[in-house]
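Please review the sequence and structure shown here.

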Amino acid sequence: MTEASGFALSSTLGLTLVVLFGLAWVLFGWYLGRANKTHEDFALAGRNVGFALASATAMATWVTSNTTLVAPQLTYQFGVWGMVGYSFAALGLILFAPLAARIKRLMPNGYTSGDFVRLRYGQSAWWAFILISVVYAFGWLISLGMAGGILLEALSGLDYHIGMTAILIICVGYTLFGGLRAVIATDFIQALIIILGVVLIAWFLIDTVSLETIHSEVQDNHPQLLDLLFPAAIMFLFNNIFFGLGEIFHSNVWWSRALAFKGSVAFKAYLLGGVLWLPIPIVTGFIALAAPQLGIFPPSADMVGPMVAAEVLGKIGAVVVFIVVFSALASSLDSLLAATSDLVTRDIYHKKLKPDAGDKHLLRFNRYSILGLGILTWLFCLPKIATLGALLNFAGAFVASTIFPIVLGLYNRRLSGRYAALAMTLGTLSGLAGYFVVGFYVAALVSCSVSALICGLGLLLSKHKFDWQQLNEQEEHSA
Amino acid sequence: MTMGLTAFSTLVLVCLVLTACAPVILIGLWLKDFISKQIW
């Protein structure tokens, strides 16, 4: 630590970085937003995003507080399986690639994942799905807002509430001005910043401490972290795979991108994004294994990554960590704000409350939704309610129940709405039971298994034959 | 069964090299899209 206060950066420098980055992103968002003429431009970037931006946004959005703060936290708790397990979340992006291509083909005029569930399964499944989506979106939004506050506090001693408020204001600002176009363009730059920063920190850590020293220290004093048969860690590995699949397969963050990418881009962009993401949690995670060697015992496990980097690289390291985590948080927060506001605007407001709303009206409402979501998130973030990992894994019980209903809904005509609704509801309830009775590391696993069982039963018993044409809903806008 | 030094070092170094390649790939793709006017 370089400052006399015991923090790597002074509060003034931390706040200056936030203000500079904030201004840059908001101005860039405003500049890009000038091209948005319709609601479709704002929500789906005109459905015309090219391969480079598409791949970068897939990768950058998936690099979140999970990867930069929680991957080191889980490595610190579960050792090698913690970081390897985290990297397996790349499977979500890779396996979503064919789904994205099919979504684009089946729903050329679609807007959201909610559109798909409503048209494919009907009302009861839609309600279950929207509830899951809202719980997940808020869980993620809150964890990202909290991560902003934790980061600033860990690195500069700035009050948690100031950091959390700052990152929310910045992301709401540029998403409000630029819509999905701004989100995707900033993601490209943020992706480059994240990768270069992570590589720089890892390189300096290896150069300073060496992999041999880290390994021997862990082997002598914390051998369970290198244990390949660590039971809870193996359970975590499988749980994380299903959690990642559930997160991506159901969330409108990924559906809206699939619908926004140019015709043939969706498949290859998700595939490349996943492959580029795969090694990142291992690079960020192994940093945590150096903590005992450096005499770092963080007050909260999710601070371990930033604290190690700041210790090894001093002030410059702290600035790099700060910029990397800030970019990672922003690249996910903006995506989530945009995608959730699309769900609120399209699925709830337009389809349920105001079916005759015109294009300009929807565009205005979408902006209000972003603002409203930002304020709600801020209110939920005010009390620091849980560690980031615990909060995210709670959401695993919800999202893993959607994996089979989504995949079967896209590829199989026979699964009916009744079974899909039942699979999502009972899957979620069982996952929550697993979370409270056994532990967070089984929530997604239990939820997905129960949901799969009900879907299997549905396929056996159902005589339903869905007509794919029903997914191609035509739009009627009054003005 | 614990992970040995060689396996640990190889895992970390391979992942570090792969991560370092990502910006080159992304910038290359962006240039290709920019030249062919396919960014948006």
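The points below are grouped by topic. This is a predicted model, in which local features need pLDDT of at least 70, side-chain atom pairs count only at pLDDT 80 or more, and totals for chains, interfaces and linings use all residues. Residues are numbered from 1 along each chain as its sequence is written, chains are lettered from A and ligands numbered from 1 in the order in which they are written, and side-chain values use heavy atoms, with hydrogens and water left out.

- Helix H15 of chain A covers residues 304–353 (helices are DSSP runs of H or I, at least four residues, numbered from the N terminus).
- Its end C-alpha atoms span only 46 Å, whereas a straight helix of 50 residues would span 74 Å (1.5 Å times one less than the number of residues).
- H15(A) bends by about 140 degrees at Gly314(A) (the angle between axes fitted to the seven residues ending there and the seven starting there).
- Of the 50 residues in H15(A), 41 are buried (under 20% relative accessible area; exposed is over 50%, partly exposed in between; 1.4 Å probe, protein chains only).

**Helix H16**
- Ile375(A) lies in helix H16 of chain A, residues 359–381.
- Ile375(A) counts as partly exposed because its relative accessibility is 48%.

**Cysteines**
- The structure holds zero disulfides over all chains (pairs of cysteine sulfur atoms within 2.5 Å).
- Cys171(A) is buried at 1% relative accessible area, and its sulfur is 12 Å from the closest cysteine sulfur, in Cys381(A), too far for a bond.
- Cys455(A) is buried, with a relative accessible area of 1%; its sulfur is 9.1 Å from the closest cysteine sulfur, in Cys448(A), too far for a bond.

Technical notes. Helices (H or I, at least four residues) and strands (E, at least two) are DSSP runs, numbered from the N terminus.
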